[in-house]
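Let's walk through this structure together, one part at a time. Please have the viewer open as you read.

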Amino acid sequence: KGNVAITAGNEIDFATTASDVNGTLTVTSTNAAAGDGNGFIDVDVALVVDNDVTITAAEIDAEAAITSNKDDIVMTVTNDINLASTTTATAGDVTIAVTGTVGMDLVVAADATGLITAANDVTISADDVTVGDIVSSAAGNVVITANNDITATGDITTNTGSGSITITSNKAWVNGAAGITLSDGETLDADNDVTITAASGAEIVMGSAAINSSAKGDIKITGGDIDGSGNITATLGDVQLNSTNDSETSTLSGTITADAGAITTLGGKYAISDLDANAGGIAIAGDSQGTFGALQTTGSSVRITSTNSTQGTTGDVSITTIDSPTVLAQGAGDYSLGTVSSSTGNAVAITTGDGNDVMTLTGSDANEVYTVSTGNGNDQVTNTVAAATSSINLGAGDDTYTPTAANGKGSVDMGTGTADILALSGDYT
């Protein structure tokens, strides 16, 4: 067993014969200038090493595989790194750092061609980062950090042990220029947390990529604008969304699920299609606003506390359907709750604040009992299916109550408004 150390003042080429080292391999070019003939390390044949692989240079171009059978792989450059083949630490970590400033990039070939695999942690940092498939095969974390753009063209996986995925871009907001991009059809899958952050407010574009916390972690996504059509699933944890640019609409058309946890929007303007959080509930909080499709939380509640606008403006939150036994919409905004019912049990409680709120009561059957209490706004309640023991209290404000003749049953208190409307069509008893 022996170690190999190669040091040169300029370029180092692994060009003709594959290397098989039983100890460690340390390769260093001391020239600070990048490019051919300078501080450039070129790997065109496979490097297979039992222990640590350490490569330091101004620039690295690896067209062939680099493998450590037992320990770690560390690559450090001041300029660019291009990896066009596999990088594998069978029993250790992979650490790749581009320490230069603006324009110093890490580019890894797409998908499995440029597969980076480590038993433990994979840590990548550069000004711009483009990566393909990344796998932590045991109990490691995947951490990717960039001053500027991050593009993931492959799957990122750490779901066989207890690992997390953390992706952070420090790029500032530029309209139409994403700080973090996930390619269509790819998957981010971690046992624990998945955290995606555009720390300085850049856009996050996720395409149809799926994001999973497959065991016991949370999913947190923060950026100026968050767009995607793939599913987001926290199997046992929570999902938290925070869009920091209120002038942009974050469009998420996949299904967002946290059946054993909660889903929370902390801020921003949204167009979200489907939220499912049966145990921990759904919270639309902070300055969140926008349109929401189907909300399902059969074992908990929908809570709306957003305060983006004051009473009297158009609705801050507009929902198509709610399946929940409890709805607490008590912020200062206007809320259109859509069709409200509960698929579990026969009781629904709805409480709203002082905004101008709109809702339709459509029970899963004629035995569904509604208890509705609205605040001081000009509220509109349509009752299509409710039990006769239902109680609707519309509070102050000029309210409109529309019960259907056949099944819109229950008692109503129109409150203390001066221009309340009881809208009747058909024959009533």
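In which sense do strand β23 and strand β26 pair, and over how many bridges? Strand β23 (residues 178–182) and strand β26 (residues 203–205) are joined in the parallel sense over three bridges. Here strands are DSSP runs of E with at least two residues, numbered from the N terminus, and two of them pair if DSSP finds at least two bridges between them. One such link ties Ala 178 to its bridge partner in β26, Glu 203.

Before going further, note that this is a predicted model, where local features need pLDDT of at least 70, side-chain atom pairs count only at pLDDT 80 or more, and totals for chains, interfaces and linings use all residues. Residues are numbered from 1 along each chain as its sequence is written, and side-chain values use heavy atoms, with hydrogens and water left out.

Now step back to the sheet. Its ten strands form an open sheet with parallel pairing, in the order β2-β5-β8-β11-β14-β17-β20-β23-β26-β29. At the edges stand β2 (12–14) and β29 (225–227), each with a single partner strand, so one side of each has no neighbour in the sheet.

Next, look for Gly 37 in the loop between β4 (25–29) and β5 (40–43). Gly 37 is partly exposed at 39% relative accessibility, a class that lies between buried (under 20% relative accessible area) and exposed (over 50%), using a 1.4 Å probe and protein chains only. Leaving aside residues up to four places away in sequence, Gly 37 touches Asn 10 and Glu 11, where contact means heavy atoms within 4.5 Å. The C-alpha atoms of Gly 37 and Asp 93 are separated by 30 Å, with the two residues 56 apart along the chain.

Note on methods:
Helices (H or I, at least four residues) and strands (E, at least two) are DSSP runs, numbered from the N terminus.
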